[in-house]
Number of protein chains: 2
Amino acid sequence: MSSSSAAPRRDGKAEAAAATATSAPASKPPMRDALVAAAFRLFLERGYEQTTVDDIVALAGVGRRSFFRYFPSKEDVVFPDHERCLADMKEFLATGDDGSEPVGRVCDAARMVLRMYAENPTFSVQRYRLTKQVPGLRAYELSVVWRYERALAEYLRGRFAGRRDGTLRADVIAAAVVAAHNNALRSWLRSDGHGDAGATVDHALGYVRSAFGSPPQAPVGEGLPEDVVVVVSRRDAPLWRVVQELEAALGRG
Amino acid sequence: MSSSSAAPRRDGKAEAAAATATSAPASKPPMRDALVAAAFRLFLERGYEQTTVDDIVALAGVGRRSFFRYFPSKEDVVFPDHERCLADMKEFLATGDDGSEPVGRVCDAARMVLRMYAENPTFSVQRYRLTKQVPGLRAYELSVVWRYERALAEYLRGRFAGRRDGTLRADVIAAAVVAAHNNALRSWLRSDGHGDAGATVDHALGYVRSAFGSPPQAPVGEGLPEDVVVVVSRRDAPLWRVVQELEAALGRG
DNA sequence: TCATAAGGCTGCACTGAGTGCCATCAGCCC
DNA sequence: GGGCTGATGGCACTCAGTGCAGCCTTATGA
């Protein structure tokens, strides 16, 4: 269980909470974990909406005010580790290695999220069932996912800066990566965490790479000389798209 | 701001469509429009969070209870026409023409959303500025967009039923279409509704179609289909020269 | 050993969104 | 007219979230 859980709530407060939490990662507050445990026990017992914050703090044996010091909102207690994961992802993308292929790097970043889910399968499955049936939680999850997607898109925008339709490509690819990741993740969660999450996600991301990555549509023939490139295109493809593939195949852009 | 721009005007077509709809409120509720107008006037005047529902109903001269009869939540008053648009999109997808290309049909469905925005540019731009700076509204917008995306994905799942990775492809393509649409839409909104929204969105959707439209298949084998062109180039050739050849090969330029 | 300062925790009071219930008042059919 | 229906308004209530002030624990310094 990680430390920070600030959410994009009423501005200001969440930032301060995140700052204090992340600045002292060594001191693990047991109260935070106690609140999460109490909350999930009640959520599973009687449902999310039938559980009030007062119920949670009563079971945890702490003051009501303390709940909101650790979690900006009632929804946040359901996603206690995403803030940390998002920070990790941003750091991973920031400390790049700009020589790597952008789409591949974004896929690697997406895999970090899967890893977080896979670290605690039972918890993830429970949360999945909860969010699936509570509209409010589903909406909150959307805002969480959106922040991941924005992080990926911002990274790609940086990598595609100057290229034609750079922001469009960045946004679309980020959305596709997130959708593929979520498709695989949910399929794994639906199997109660029994399948091979990594393989499922790899397969899904492979589909996205095949659609947007450079190689598949502009394959470098195996038997060809190193300095010869073969581009295969449909006659009715948009010229700009073909040029983009071409640039990628030639190792430019 | 004039009240005419704030109120989502209903032209004859929308009116007729609303009449056919069974779920929507009665055919012509003036109170609904009055509430939207009052709400936007206050939101723009003093901000969303600084405006209470009591303020809105006081300005509109109606009872507080009536507000929640027309809008399930305070956020809903900001997106008064999306419910109708979503229903229209679902109907459009349901009454298909299953002979058409799935991706193209989904792009057409996405264009319906753009049309709704373009019907009332000033209102759309105002709402865009509002949602951009209010985290709560941004989160709500995500849930709205998510429902569009689900509608597209469900349609594609039906079309791809039985195909390998059908649901994966459906989810990814739906996400890509929505991302492209939103990229173009926001670019248009940022220009205060002065650009050509249709052309911008067409261009963005063209990118998605080029990536997913008809699977490239890469038939590097015996006989190539008529519509596939193979370009062979040296890796160190000048890009402009390659593009020239390309244009010639594609029969353009 | 004690005073003091700091920080975490609690209780309390308050705002505002959202809901359930019932009274009211219009139009409408018999 | 009398009753029915549906839209509206008012009232009271729950609950999430916040600001504030006080308390308790702990560390520090004399």
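Tutor: pLDDT is the predictor's confidence in each residue, on a scale from 0 to 100. This is a predicted model, in which local features need a pLDDT of at least 70 and side-chain atom pairs count only at 80 or more, while totals for chains, interfaces and linings use all residues. Residues are numbered from 1 along each chain as its sequence is written, with chains lettered from A and ligands numbered from 1 in the order in which they are written.

Chain A has an average pLDDT of 82, and 73% of its residues score at least 70. Confidence in this chain is highest in α9(A), at 98, and lowest in helix α1 (residues 13–23), at a mean of 36. Helices here are DSSP runs of H or I with at least four residues, numbered from the N terminus. Residues 1–26 of chain A stay under 50, and residues 215–225 of chain A are also below 50. Where pLDDT is low, the predicted coordinates should not be read in detail.

Helix α11 of chain B covers residues 197–212, 16 residues in all. From first C-alpha to last, α11(B) reaches 23 Å, close to the expected 22 Å; the expected span is 1.5 Å times one less than the number of residues. Buried residues in α11(B) include B:A197, B:V201, B:L205, B:V208 and B:F212. A residue is buried if 20 or more other C-beta atoms, placed from the backbone, lie within 10 Å of its own, exposed if 12 or fewer, and partly exposed in between.

The loop between α10 (166–190) and α11 of chain B holds B:D192. B:D192 has a positive phi of about 60° although it is not a glycine. Most residues other than glycine have a negative phi. B:D192 counts as partly exposed because 13 other C-beta atoms lie within 10 Å.

Chain A has a corresponding feature to look at. A:D192 also has a positive phi of about 60°, and is found in the loop between α9 (166–190) and α10 (197–212) of chain A. A:D192 is partly exposed because it has 13 C-beta neighbours inside 10 Å.

Key
Helix = DSSP H or I, 4+ residues; strand = E, 2+ residues; numbered from the N terminus. Contact = placed C-beta atoms within 7 Å.
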